[in-house]
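Keep the view open while you read.

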Amino acid sequence: MNRIQQAFEKKGKKLNIYFTAGYPALDSTVPMLKSLATAGADLIEIGMPFSDPLADGPVIQQSSTVALQNGMNMRVLFTQLKDIRQEIPETPILLMGYLNPVMQFGVENFCREAAAAGVDGVILPDLPLDDYVDEYQEIFRRYNLKPVFLITPQTAEARIRRIDELTDSFLYLVSGPGTTGGANTQAAGVQEAYFQRIEAMQLRNPRLIGFGIADKASFQQACQYAEGAIIGSALIKALDGADDAPAAAARFVSSVLN
Amino acid sequence: MTTYKEPTARGYYGQFGGAFIPEMLYPNVEELRDNYLNILADPEFQREYQMLLRDFVGRPTPLFEAKRLSKKYNTRIFLKREDLCHTGAHKVNNTVGQILLAQRLGKTRIIAETGAGQHGVATATVCALMGMECIVYMGSVDMERQRPNVERMRLLGAEVRPATSGSQTLKDATNEAIRDWISNPVDTHYIIGSVVGPHPYPDLVARLQAIISEEMRKQLLEKTGSELPQYVVACVGGGSNAAGAFYHFLDEPSVKLVAVEAAGHGITSGHSAATSVLGKPGIIHGSRTLLMQDEDGQITEPYSLSAGLDYPGIGPLHAYLAAEGRAQFISIEDEQALRAVAECSRLEGIIPALETAHALAALGQLGAGPDDVVVINLSGRGDKDLETYMKYADSIQ
Ligand SMILES: Cc1ncc(COP(=O)(O)O)c(C=O)c1O
């Protein structure tokens, strides 16, 4: 059993927090990780900043731009994460980013470094399912890295089943049409119908709902239909103007959980 | 015989192409992929498309023998007059086809990106024609340098939304258009303006622009006695006018294909958009292609004085033509392009678009002889660039 599956063995709804590596300062990555884990985040996604993040809204675009200006890159990130498992032994850590920087680093290099650091899973929204299966699955497996795939309200049932088959971690349910951080603009009932439809499919993997989850209310709402939820943009926003970003992150996590 | 024209079922030209898109776009792109060939082949679609190309766009566009340029370069030069298309550039060939496609897919809302504004105008135009809602994303830098086109789009009833991220040019406008499509997955069709983006867009746009070379072959036969010239020359931003001009010559090895990129201030200046020289394989806007990027895989900001060529990638077909050596790539600096604007204006009475001027500026580098036939794709007219031409009047003299 991997760390992600272990986390879902535990009772209670799961809070998965996303933050951008190297934001707000280059060396914020590790203090942020420790602070989020201590404050009670059940899973943590580290965003690997990309110059052109197509699936992200303005908040994560901005944190990515700042992180890149701070000098964040793959080599720096893996150096920062070198001893992270001594500090955070249990909390699952996932890397989230876009395919191009991973390709340039080399997919095999990337997997080797990630596994060595104790990373558990990888989310690459622009890596298509077929390309993953044909080109990367074997490498991911060799390093025991779990891919996480997105499901949207438009994803067809057969495709959801295939994604479920290829997954040994969790399914990332995108809450509605839009990029990260977008508010739910769907008509009342539409979102619930979508979540219920997925719930009724009795999938193998647990589900986390993400995109537009921003606070305690929206977290609890999402938890009615899934094993938990993912918060990114709202956390990044909570760091705005904070002198002590890790402390602000911890306060944010507490405000969602308590 | 190998063909350069058609990508594989998954949209690959050699190692380039594919569809690297987030799951949110998958249903849209899949719907397009599963339907575009059938729709394009449908006689009713073809009837309407051909009618619009003739009566609305004004096709066929003339193939004009440029006698004074020919004399100067001591070869036989023809200009394919895409500047005479309705709205002033080749871009409308694609938008006419895609709006008919969008209707058949049941879409009611159209989005587009634009650099020079020509694709935005061409999209706004067909949306007005069909009574569809139209939103065009344009980098704020480009809105400034191509102001007349912003006003044209607005007059045509389109909403122009500024893209304010990155270098605020074509790449950033494309990012915003893709994000809009992610947010509006059901009712919206994205009319991409070049042979870029995820499969099937590169193939779709190439097929819709292929009318350019289809006409060229007939016109060349009439004027020279042979369908085949020695050279076909076109500028490349994303590469749609070049794809259209090359298409029916791709599998004719005797025809030299010349793609002209923007070198900006110079290849080594750090301010350039010459992707075939400066790019490495990478992923941009859903396609694996040659891409200007740093060693960490971050996309670098391109530069060209010409908004339509100011893009850090090229279409996957062109990346393949470059890798295979099927097309020769030449890069032209801002200054050279500006001089070509003056030359074409004064020798032929045609003021070309700044993008097009890059193709014209390559004339001196072709090595064409007196008996050779050279076709330059005159992709657009220069009205939109008048402010730039006035600003750089000294270079143009
Ligand atoms: C007149 C003209 N030519 C060329 C281009 C470059 O586009 P493409 O390379 O797709 O032909 C543009 C783009 O705006 C244009 O307006």
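Predicted model: local features only at pLDDT ≥ 70, side-chain atom pairs only at ≥ 80, totals over all residues.

1. Start with A:Pro24, which sits in the loop between β1 (14-20) and α2 (29-39) of chain A; helices (H or I, at least four residues) and strands (E, at least two) are DSSP runs, numbered from the N terminus.

2. Residues are numbered from 1 along each chain as its sequence is written, chains are lettered from A and ligands numbered from 1 in the order in which they are written, and side-chain values use heavy atoms, with hydrogens and water left out.

3. Chain B has a cis bond too, from B:His199 to B:Pro200, with omega near 15°. Look for B:Pro200 in the loop between β8 (188-190) and α9 (201-209) of chain B.

4. Then there's B:Asn74, a residue other than glycine whose phi is positive, near 55°. You'll find B:Asn74 in the loop between α3 (67-73) and β4 (76-81) of chain B.

5. Now the ligand. It has 19 residues around it, the closest being B:Ser194, B:Gly237, B:Gly239, B:Ser240 and B:Ser379 (a residue counts if one of its heavy atoms lies within 4 Å). By class, that shell holds five nonpolar, twelve polar and two charged residues (Ala, Val, Leu, Ile, Met, Phe, Trp, Tyr, Cys and Pro are nonpolar, Asp, Glu, Lys and Arg charged, and the others, Gly among them, polar).

6. Which atoms meet the ligand's oxygens? A backbone N or O atom of B:Gly237 lies 2.7 Å from one oxygen atom of the ligand, and an N or O atom in the side chain of B:Ser240 is also 2.7 Å from a ligand oxygen.

7. Where does the ligand lie? Domain 1 (12-53 + 91-205) and domain 2 (58-88 + 209-396) of chain B both give residues to its shell, so the ligand lies between them; the bounds come from an automatic or database domain assignment.

Key
Polar contact = N/O pair within 3.5 Å; in protein donor to acceptor, adjacent residues only side chain to side chain.
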